[in-house]
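This briefing is for a reader new to the structure shown below. Please look over the sequence and the model before reading on.

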Amino acid sequence: MNIQVALWVGFNVFVLAMLALDLGLFHRKEHVVTPKEAGGWTIVWIALSLLFCGGLWYFGYWTTAQSMQWVTAYVIEYALSVDNLFVFLMVFAYFRVALEVQHRVLFWGIMGAFIMRAVLILAGTALVQRFHWLLYIFGAFLVFTAAKMAFSKEDDDAADPEQTFIVKLSRRMLPVARQGEGSNFFTIEDGRRKVTPLFLVLMVVEATDLLFALDSIPAVLGISQDPFIVYTSNVCAILGLRSLFFVVSSLMEKFHLLKLGLAAILGFVGMKMLVVFFDIHVPIGLSLGVIGGILVASIVASLIWPKPQVPAELEQPRRDREGANS
């Protein structure tokens, strides 16, 4: 077994072992994940990710340039994954998912994300390596997505999860129970095995991750076309997504300008891919600095210019309308 195969196998075995330890030991009993607990796990996942990258650099498997590519790809993927959290919050609120079972849904959602992203990454890197002009298409797509994200209104994002294609298809193809049963995805109702509403939530989480992967993976391909770098940076980022969800779920309103920052990152990476056509190559160190600077600037700007509060006399009628629609 050569070193490259050993790294692929070793990385995946380690990730699966950590997930088994996470669910089987630390979250064996369902409980509400506190911000303090989630913050600790977020630090653990980030530290493990950086140790992984640093270890490959220290032992000479990666050059400094490759390590910088990995860090940049990791930061991009982690930043873009934050946008998933807005959708997860909306889905959990709509389906009234109890706080103590949200971790379970995110856990199994990530297990499915590993498989989907592995397929997309291996296919994407193979295609880009064979057809280099695809980078320009990906770049144009990212610029378009950035503009769409920057100019979309909040009402555009507040879609009804019940009207999504995946929920409609699941209700048509699968027997869905009228009520849930704790954290179970399956139950027995009227003498038949049925999926619970929580299973529909899991399907929405999986579909959401797939849609966001269509943005984030091309963005990472703009940094590196090495399948191992792209895959491991993606996996390390989504590993920390669960704990990050519980850290920032109560802070989403404060970071209201973060969405503009993410749009700027997508636009920057898209332009970086397009200017290669003119033989202009942006140094990886500069890319990392720009991406990090945009993230910090959007967070700081959110704190300096907080989101205007909706007057109570306007907020209550809006909630009444939402309640009537649900």
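Predicted model: local features only at pLDDT ≥ 70, side-chain atom pairs only at ≥ 80, totals over all residues.

Residues are numbered from 1 along each chain as its sequence is written, and side-chain values use heavy atoms, with hydrogens and water left out. The chain has 13 helices and two strands; helices (H or I, at least four residues) and strands (E, at least two) are DSSP runs, numbered from the N terminus.

**Whole chain**

- Of the chain's 326 residues, 43% count as buried, where buried means under 20% relative accessible area, exposed over 50%, and partly exposed in between (1.4 Å probe, protein chains only).
- The accessible surface comes to about 17,300 Å², and 68% of it belongs to carbon and sulfur atoms; the areas come from the Shrake-Rupley method with a 1.4 Å probe, and for residues only the protein chains shown count as cover.
- Among contacts (heavy atoms within 4.5 Å) between residues at least 6 apart in sequence, 78% join residues at least 24 apart.

**Helix α8**

- Helix α8 covers residues 197-221, and its end C-alpha atoms are 36 Å apart, which agrees with the 36 Å that its 25 residues should span at 1.5 Å a residue; the expected span is 1.5 Å times one less than the number of residues.
- A kink of about 35 degrees in α8 is centred on Ala 213, the bend being the angle between axes fitted to the seven residues ending at a residue and the seven starting there.
- Because 19 of its 25 residues are buried, α8 is largely enclosed by the rest of the structure.

**Salt bridges**

- The structure holds two salt bridges, each a side-chain nitrogen of Lys or Arg within 4 Å of a carboxyl oxygen of Asp or Glu.
- One joins the side chains of Glu 77 and Arg 117 at 2.6 Å, N to O.
- Glu 77 is in helix α3 (residues 64-94) and Arg 117 in helix α4, so this pair ties together parts 40 residues apart in sequence.
- Glu 77 is buried at 1% relative accessible area, and Arg 117 is buried at 3%.
- Glu 189 pairs with Lys 194, with the closest N and O atoms 3.3 Å apart, and both residues are buried.

**Nonpolar surface patch**

- Leu 127, Phe 131, Trp 133 and Ile 137 make a nonpolar surface patch of about 390 Å².
- Patches are made of residues with over 30% relative accessible area and no salt bridge, with like charges joined within 9 Å and nonpolar side chains (Val, Leu, Ile, Met, Phe, Trp, Tyr) within 5 Å.
- Trp 133 lies in the loop between α4 (99-130) and α5 (134-151), and counts as partly exposed because its relative accessibility is 48%.
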